[in-house]
Amino acid sequence: MKTDVSAKSDGATAAAGGVAVAEKDKDGDDTNEDGTKEPDRWAEFAGRTEPPPSVPLRVGRRVGRFLRHEWTIAALISMATAVVMTWPTLRYPRHTIPQDIWDPTLQAWQMSWSGHSLLTNPGRLWHSNAFFPELWSFAFSDSLLGYAPLGMIGEGPVAAVVRYNIVFVLAHALATFGAYMLVRQLGAGRTGSAVAAAGYTYAPWLLAQAGHLHIISNGGIPLALAMLARGHGFSFRHGYRPHRRHAGWALAGWFVAAWQLSLGFGIGLVFAYALGVLAIGALVGWFIRRTWFWGVRRPFGRKLFFADLGGGAVFAAVGGLLSIPYFEVAADHPYARRGVEEIDLYSPPLSGFFTAPPESWLWGDAHAPLRDSLGWPPEMTLLPGFALIGLALAGLFFSIWTLRQRLLLLLAIVVTTIFAMGSEFQEGRFTYIPLLEHAPGWDGIRTPGRLMIWVTLMLGVLAAGSVCAFVDRVKDISANRVPPWPSPWLRIVTLIPLALVLVEGINTTQHPIVPAQPAAMRTVEGPLLVLPSDQLHDENFMLWSTTKFQDIVNGGSGFVPKKLDEVRQATATFPDQSSIAYLRQLGVRNVIVVRELIPGGSTLQTAIDLPVDSLGITRQDVGNVVVYGL
């Protein structure tokens, strides 16, 4: 009986336990009677959930991805290369300046004036302190207005020179980075893109332009084209890819293009025309494909359409607003327009495209006889680099680009070269002269040879095609290796084209010491005239005025205003009654004479130490200058 009772008791207990387990399973409760949680027997077979990364870890990962990104590495290498290839620009940035002490000091003043004016009196931006009493004087040259934010940092000539030297190096870095981005977007590999970027930035002909920052500052051109191509999903190698469109990139491209235009019309005008031709060509091509071949019907999404519409409007507005002062200058100074005679003076012959400037380390001395045969060597030595030319020629036969693309690039190079010859090719009757006479703004450009920017860029694209094909061939040869990568020696071989292009870009550019600012320029009030005045020394005087920005009669630009020429003639006999009366009538309060610049045998040399009591003016020696108070 006991046994039966015990069995029944155990059975009841088991039944009760089974009911309890069933109820637990039914209710989803996995706790014991004492309230503790029962361990899950299946937990060991489940994946473990990692805790979310901390904020510092997430930030570190993002920074690491940014630093490892191709564009970041390309930008850093571009800046390092620029420092090396422009050396010794940053060796003594407070005291020296590249090329010479003339145009670079003018452009250092331009950046200083735009920053100073926008901070103090934006309404006077285009009526600068130079060329007193002329109006619109800031538009007498390319303004470099896009660098105005940098002009707000620091004051005085030393800050202006340091700023110029830094911008000079950064301009080379931006050109390298922009060209690299463009050729990569077109479909080239890293090595080919690097060759194209180096050829574009450090072409030997650009060494002659080292004193023209508005020409060196051309990096916005390829950078804007790269962004626009990326925004529209276009490349040479892959064609049009609608799924790769991105309105943000397209809008950024238009903004960069507007900034490039703000640096000046010297190269910006041609860039604007090039963008117009590309836009028209793209629309015509889309229309033909849609109408005749039933191709892509929607090349634009709604976002991209409005990005192009808004970005194009911004670009057009910037160009239109910037052109107003230049049209005012052309109206007041019609002789500032470039005529056929001036174009003849600067038009290079075909031999100029194979001649290097004296600043070229590799070819400078060897090409001296060729330079002597040119009428104006600084604007006619247009060698893009023999290595770049050779690689581009190879790219016609051995390339990653299609045959049609190669032929189109060749045609564009030939046509642009013909236009760069100005009036040298068939007297320009069917090429450059019609543009000079009919295309708006073209009569403000006096140097056809600067179209070499476009020739060099297209040569770089052709060269990138051949270099990439060569690199691909090296990879094919190494495909059977373990691991399947080129050996170190083969990798070095693929870098030979880049080395050749860079060697041709090594410079021997002079870096003269900038004349020190006289102490009187920091205290004397304007309007004032600094003597002796001429086209070159006036550019130094403009730099000296960057402490007080007092009005000065002096000024240097691409042309000499008639008023300034009249002042120079009237003050040839200063100080005498007639010159003093003329300057008083003009509104000049003070005259500063720099002793060390007075030409020998001039009237000023004999009169500078004479008493002036009878002339009704004051005279005071301040350091190495003499200050006359009128």
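Me: Which residue does Arg 237 meet in a salt bridge?
Reply: This is a predicted model, where local features need pLDDT of at least 70, side-chain atom pairs count only at pLDDT 80 or more, and totals for chains, interfaces and linings use all residues. Residues are numbered from 1 along each chain as its sequence is written, and side-chain values use heavy atoms, with hydrogens and water left out. A salt bridge here is a side-chain nitrogen of Lys or Arg within 4 Å of a carboxyl oxygen of Asp or Glu. At 3.5 Å, N to O, the partner of Arg 237 is Asp 472.

Me: How many residues apart are Arg 237 and Asp 472?
Reply: Arg 237 sits in the loop between strand S1 (234-235) and strand S2 (239-240). Asp 472 belongs to helix H19 (residues 452-477). Helices (H or I, at least four residues) and strands (E, at least two) are DSSP runs, numbered from the N terminus. The pair links distant parts of the chain, and the separation is 235 residues.

Me: Is Arg 237 buried, partly exposed or exposed?
Reply: Buried means under 20% relative accessible area, exposed means over 50%, and partly exposed lies in between (1.4 Å probe, protein chains only). Arg 237 has 40%, so this residue is partly exposed.

Me: What is the distance between the closest N and O atoms of Arg 184 and Glu 70?
Reply: These two side chains form a salt bridge. Arg 184 is in helix H6 (residues 157-186) and Glu 70 in helix H3 (residues 70-85), 114 residues apart. The closest N and O atoms are separated by 2.7 Å.

Me: Which helix holds both Glu 566 and Lys 563?
Reply: Their side chains meet in a salt bridge of 3.7 Å, N to O. They are three residues apart, about one turn of the helix. An α-helix has 3.6 residues a turn, so residues three or four places apart point the same way. The helix that holds both Glu 566 and Lys 563 is H23.

Me: What arc do the buried residues of H23 cover?
Reply: In H23 (residues 562-570), Leu 564, Val 567 and Arg 568 are buried.

Me: Which exposed residues does the opposite face of H23 carry?
Reply: This face is turned away from the buried side of H23. Its exposed residues are Lys 562 and Gln 569.

Me: How many salt bridges are there?
Reply: Arg 595, Asp 609, Arg 619 and Asp 621 are linked in a network of them. By the 4 Å rule, the count comes to 15.
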